[in-house]
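Please examine the sequence and the structure shown below.

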Amino acid sequence: ELDAEERAVYDAVRAASVEAAVQQLRSGGGVMAALEVLLRLRQAACHPALVPGQEATGSTKLNLLAERLEQAAADGHRALVFSQWTSLLDLTEPVLAERDIEFVRLDGSTRDRAAVVSQFADEKGPPVMLVSLKAGGTGLNLTAADHVFLLDPWWNPAVEQQAADRAHRIGQTRPVVVHRIVARETVEEGILRLHKQKRDLSESALGTGS
């Protein structure tokens, strides 16, 4: 659940933008305005500070993430935390630091990916790796982790699955738990419904039917 401040920011973005974008679409306008609105709503659902012109020191979503990571680390688990926005990972870092949760980070600006992966894989390494969805969604073997946190739903569920598969590689000996942190009564719930529609369509086309 978004807190009162977060809900106010989200509702303000929605009230200021959605109706105008819908009118543009109905009059034959392009989809860019609608995509911009969806982007802002998705960001507002994660952290108010992602919305241009807004300032905030924390978010309900990141507080919940930190609580879950603390619990997982205390129980001896390792975790991957994925976001499509490096700016959200930037906001995540101080929340984890405040709770003394050690972490490494892998994103598009990381020069020595192998060194970061090696540090995380070390038994004495940090229990958390922050990963940008595009940089870490494919081509990595991260079986040191048995928990995967998806901070923000991506349009394509296959991309999320690829990210979760980083921990589901050959050599993984433990069950892998995937956590999706979703803001209630936001566009994120709509994206999850879209995920289901896409999976159902894929199953209809590629499943066992003739």
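**Basis and confidence**

This is a predicted model, in which local features need pLDDT of at least 70, side-chain atom pairs count only at pLDDT 80 or more, and totals for chains, interfaces and linings use all residues. Residues are numbered from 1 along each chain as its sequence is written, and side-chain values use heavy atoms, with hydrogens and water left out.

The pLDDT is the predictor's confidence in each residue, from 0 to 100. Its average over the protein is 87, and 96% of the residues score at least 70. Confidence is highest in helix H4 (residues 86-98), at a mean of 96, and lowest in H6, at 74. Where pLDDT is low, the predicted coordinates should not be read in detail.

**The sheet**

Helices (H or I, at least four residues) and strands (E, at least two) are DSSP runs, numbered from the N terminus. Five strands form an open sheet in the order E2-E3-E1-E4-E5, with parallel pairing; two strands pair if DSSP finds at least two bridges between them. E2 and strand E5 (177-180) stand at the edges with a single partner strand each, so one side of each has no neighbour in the sheet. On average, neighbouring strands of this sheet are turned by 20° against each other, direction ignored. The axes behind such angles are lines fitted to C-alpha atoms, for helices over the stretch in contact, and angles run from 0 to 180 degrees between N-to-C directions.

Strand E1 pairs with E3 in the parallel sense through five bridges, and with E4, also in parallel, through four bridges. Ala79 stands opposite Val128 in E3 and opposite His147 in E4. Five of the five residues of E1 are buried, so this strand is largely enclosed by the rest of the structure. Here buried means under 20% relative accessible area, exposed over 50%, and partly exposed in between (1.4 Å probe, protein chains only). Ala79, Val81 and Ser83 point one way from E1, while Leu80 and Phe82 point the other way.

Four bridges join E2 to E3, again in the parallel sense. In this pairing, Leu106 stands opposite Val131 in E3.

**Helix H5 across the strands**

Helix H5 lies across E1, E2 and E3, and runs at about 150° to E2. Which residues of helix H5 (residues 113-121) are buried? They are Val116, Val117 and Phe120. Seen down the axis of H5, these residues fall within an arc of 95°, so they line one face of the helix. The arc is that of the directions from the helix axis to the C-beta atoms. The cover over the buried residues of H5 includes strand E1 (79-83), strand E2 (103-106) and strand E3 (128-132), where contact means heavy atoms within 4.5 Å.

**Asp146 and His147**

Asp146 is found in the loop between helix H6 (133-136) and strand E4 (147-150), and is buried, with a relative accessible area of 2%. The side chain of Asp146 makes a polar contact with that of His77 at 2.8 Å. A polar contact is a pair of N or O atoms within 3.5 Å; within protein, one must be able to donate a hydrogen and the other to accept it, and residues adjacent in sequence count only if both atoms are side-chain atoms. Leaving aside residues up to four places away in sequence, Asp146 touches several residues, among them Arg78, Gln172 and Arg174.

His147 lies in strand E4 and counts as buried at 11% relative accessibility. The side chains of His147 and His179 are joined by a polar contact of 2.9 Å. With residues up to four places away in sequence not counted, the residues that His147 touches include His77, Ala79 and Val177.

**Residues with greater accessibility values**The table lists residues by accessibility class.

| Residue | Relative accessible area | Class |
|---|---|---|
| Glu36 | 37% | partly exposed |
| Asp100 | 68% | exposed |
| Glu185 | 55% | exposed |

Asp100 is found in the loop between H4 and E2, and has a positive phi of about 60° although it is not a glycine. Glu185, in the loop between E5 and helix H8 (187-206), has a positive phi of about 55° and is likewise not a glycine. Glu36 is found in helix H2 (residues 32-46). The C-alpha atoms of Glu36 and Asp90 are separated by 22 Å, and the two residues are 54 residues apart along the chain.
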